[in-house]
Amino acid sequence: MHLLLSNHFLSLQNPPIFSNRRSRRRILFPTVKRKITIAVTKSAASGSGSSQRATTLQNETLEILEWRSLCNQLSPFTSTSMALTQTQTGAIPIGQTVEESQKLLDQTAAALHAMKALKSEPLDLAAIENVSEIVRCAASGQLLTVTELCRVRRTLRAARAVWEKLVAIAAGSSGDSSESYTPLLEILQSCNLQVELEQKIGFCIDCNLSIVLDRASEELELIRAERKRNMENLDSLLKEVSTQIFQAGGIDQPFVTKRRSRMCVGIRASHKCLLPDAVVLNVSSSGATYFVEPKEAVELNNMEVRLSNSEKAEEMAILSLLSSEIAEAEADIMCLLDRVLEVDLAFARAVYTHWVNGVCPIFISKEYDAENSIEGGNALSVDIEGMQHPLLLESSLRNMPDDLASNPGNTSKLYGENDVTVAGNSSEQTHNFPVPIDIKVECGTRVVVISGPNTGGKTASMKTLGLASLMSKAGMYLPAKNQPRLPWFDLVLADIGDNQSLEQNLSTFSGHMSRICNILEVASEESLVLIDEIGSGTDPMEGVALSTSILQYLKDRVNLAVVTTHYADLSHLKEKDSRFENAAMEFSLESLQPTYQILWGSTGDSNALAIAKSIGFDRNIIECAKNWLENLKTENQVERKGLLYQSLMQERSRLEAQFKRAASLHAEIMELYHEIEDEAKDLDKREIALREKENQKVEQELNAAKLQIDNVITEFENQLRTAPYNEFNSLIRKSESAISSIVRAHNPRDGFSLSKTNTSNYQPHSGEQVHVKGLGNKLATVVEAPGEDDDTVLVQYGKVRVRVKKDNIRAIQSSKRTATSSIHRLRTQEQQGGEFQNSSDANNIYETSYGPLIKTSKNSIDLRGMRAEEAAHHLNMAISAREPQSVLFVVHGMGTGVVKERALTILRTHPRVTKYEQESPLNYGCTVAYIK
């Protein structure tokens, strides 16, 4: 075996190429084509055109009967994750033919026998994992990891152990008892357990350590042996060198370690000269220790790297081969998982049988039913005695031992040494809840009409019958007594509950009729139909007529139909046709409570008046109801119809008169509405005309004020050019007084605004000058504009910064803002300069106007992010391109200051730059240059 595997692996010299694990590694070994199996679903409905509708109705019925909740009861008894998923989702297999259903029942019986034989040594089904995804990855050409290969091996080994144990208990039985295990053995009998693949994985991989073994291939064994010898030599050499360094005082103690995947020694930085030709691989964080590779160790380390790469390549080759073999066995492994799932579900059904004290149902053939219906007698086609609703039964079985629920394979709790029963007699406890019911339908009966009071158990009884049929088809034993007998139904179709749908525009009655119509289309001669409150939700007479017609249709086209109703007329159908049968829910007139028992062959009353009397209704109300009941008898129907028709006609006449009055009132209201609408349109037009006239008047006043202020500013600038320095203050005061007079003349209420400013819509901007009410309407500069959720503005007045509300500031006119800025600039220069050193320079400054200091995209250049030379080039070009008497905002940022210093140097020496102002609190990282 060793030689065979080694030779097999030696053929793989070139390792496979694979990608990262996260992208599901793809390798270059040939992809095995998957065998495609097409599952042909057998249609239970007659005719291929209605198969989809039949499937939809069947799924809706499973939801109505809460089949998923019932399947979920099997979940604690499953051992594999595959079976757990199927039970929790309600996807356990249901026989599509009577043979399939009988096969499932036989498997359950065989599992019960096996549980008794196994006793304290249950099957280890829990060790079988769902490796279907791993197998599919291998089949698609992906490289499996060591862990994934081990999971496949464990699953194959556990499946083989299950098969061997089943074979052992079958061989240990004698006579007819050995045949009882045949249904279980047949599940796994045709499976390929892939023993060779399991052994090959175990031979190549140690699953406990998750490593590839040396014996996997001769090449791997040789590589690892060579690598071991090389490492011994390398370790011996480095230990000797490290000892010499230690003896020379180059390290506190001999130290051999690995850095950058290479073996090396530690040495103090001060003693590095002890190994002059060594290669420094790393340095400690403090810099005091060097990790060096001696010259003598370089070749040995190179050999270690080469051998390590060769080892990894050989391991990948081995994993590649094992992955390809799993891919080739995909069909067998997937088939094995499906069969193991069948075994697990069979044992889950067996434990469930003991849990509910279930008994095996027997299917009645159509020939038996037909034969007994012709001969007559009391033969029953449905004979279920003491059946308890399995979902209601669950609450009374909560006290089951926890170890039984957690480990259903442990049968020591189920069967004692002397217990010879299979199922059904393990407990003497009888459950009072839910109430057991008997379902007995004679051969030849096709329609059963159940009547009786509300809350009497009619719907629960129907659901019990539906679940009994589905459980039998799925191979589950029934929580009943004796031996239940019932036909095999190809479809179980139910209309129970409220089918109202707002999305489909269906009322309760329409919803019921729509579903019943679909049921009639897909039902076959082997179907079971369950209809709750047939014909309800509409006129009683029409409901009775429609219900009768539906039941007459069903009697010729289904195996069995069970309906519930409050219509007494439906109970008379039995008198005309023997294929109809009546049943009633028993009601105790003494206790005025339902007993939940079915009285077959009887007709039930609703007992509404008796129930109302027991609740405590007034005696007069009860007597009045009885009188109305007498009036509704059949002999009074004609008279009642006439009175009802006359009442409806009177109501119609009254409604028509109300409609006419409403129409007349509506016409008057609409006429008044149109009149008011026309008046509103005229008012809007007049309002627009007045607003336009007012706007023109305001605009004329604004233009006049602006012209007067411009004249004052022009006169001020002209006088400024010729006036001596000692008259500047008087000129400034004179100009300010003239501008204030113009403003007061046009708006006496506000000394600084030409019109009332809508402060609610005004949005100040950073750097803008505004009037602040709290400072006596003084001018201040906006330092920080308000945010989206902030209603305050940060302003600066002199050296003081203060935050004020936006309502307390007012904008100033642009022309005045310019003049005031100029005056403020002159005063600042006067205060800072004291007196001009050169009168000719002062005259040049005051004579030149550079316009408003407002930064825009056209008068700014951004040097941030540039190198010094690149910034110098762009700045020179920008200065040359600027028009005379203008400003240039140079944005250089904060940074390291290199670009800023270069920009300031250019501004100081450039012939076109008159002066420049460095960054201010309002313009951090920006210098303003004045261009000649």
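This is a predicted model: local features need pLDDT of at least 70, side-chain atom pairs count only at pLDDT 80 or more; totals for chains, interfaces and linings use all residues.

Reader: What does the chain contain overall, in helices and strands?

Author: The protein chain has 28 helices and 25 strands. Of its 932 residues, 41% count as buried. The chain exposes about 51700 Å², and carbon and sulfur atoms supply 51% of that area.

Reader: Why is Lys 295 called exposed?

Author: The term exposed requires over 50% relative accessible area. Lys 295 has 55% relative accessibility, and therefore it counts as exposed. This residue lies in the loop between β6 (289-293) and α12 (298-328).

Reader: Which residues does Lys 295 touch, leaving aside those up to four places away in sequence?

Author: Lys 295 touches Asp 277 and Ala 278. A contact means heavy atoms within 4.5 Å. Lys 295 and Asp 277 are 18 residues apart in sequence, while their C-alpha atoms are 5.9 Å apart in space.

Reader: What makes the pair Glu 325 and Lys 200 a salt bridge?

Author: A side-chain nitrogen of Lys or Arg must be within 4 Å of a carboxyl oxygen of Asp or Glu. In Glu 325 and Lys 200 the closest N and O atoms are 2.8 Å apart, and the pair forms a salt bridge. Glu 325 lies in helix α12 and Lys 200 in helix α10 (residues 195-204), so the pair ties together parts that are 125 residues apart in sequence.

Reader: Are Glu 325 and Lys 200 buried or exposed?

Author: Buried means under 20% relative accessible area. Glu 325 has 15% relative accessibility and so counts as buried. Lys 200, at 9%, therefore counts as buried too.

Reader: How do you know that Glu 164 and Arg 160 are separated by about one helical turn?

Author: Glu 164 and Arg 160 are four residues apart in helix α7 (residues 146-172), and the separation is therefore about one helical turn. Their side chains meet in a salt bridge at 3.3 Å, N to O. Glu 164 has a relative accessible area of 42%, so this residue is partly exposed.

Reader: What is the distance in the salt bridge between Glu 299 and Arg 306, and why are both residues called partly exposed?

Author: The closest N and O atoms of Glu 299 and Arg 306 are 3.4 Å apart. Elsewhere, salt bridges that share partners join Asp 214, Arg 224, Arg 227, Glu 304, Glu 311 and Glu 315 into one network. The count of salt bridges comes to 30.

Reader: What makes the patch of Glu 668, Glu 671, Glu 675, Asp 678 and Asp 682 one of negative charge?

Author: Asp and Glu count as negative, and these five names are Glu or Asp residues that gather in a patch on the surface. Patch members need over 30% relative accessible area. Asp 678, with 45%, is partly exposed. Asp 678 lies in helix α23 (residues 637-722).

Reader: Which residues make the nonpolar surface patch?

Author: Ile 615, Phe 617 and Ile 621 make this patch of about 330 Å². Phe 617 is found in the loop between α21 (608-615) and α22 (619-631). At 46% relative accessibility, Phe 617 counts as partly exposed.

Conventions. Residues are numbered from 1 along each chain as its sequence is written. Side-chain values use heavy atoms; hydrogens and water are left out. Patches are made of residues with over 30% relative accessible area and no salt bridge: like charges are joined within 9 Å, nonpolar side chains (Val, Leu, Ile, Met, Phe, Trp, Tyr) within 5 Å. Accessible areas come from the Shrake-Rupley method with a 1.4 Å probe; for residues, only the protein chains shown count as cover. The place of a charge is taken as NZ of Lys, CZ of Arg, CG of Asp or CD of Glu. Helices (H or I, at least four residues) and strands (E, at least two) are DSSP runs, numbered from the N terminus. Buried means under 20% relative accessible area, exposed over 50%, partly exposed in between (1.4 Å probe, protein chains only).
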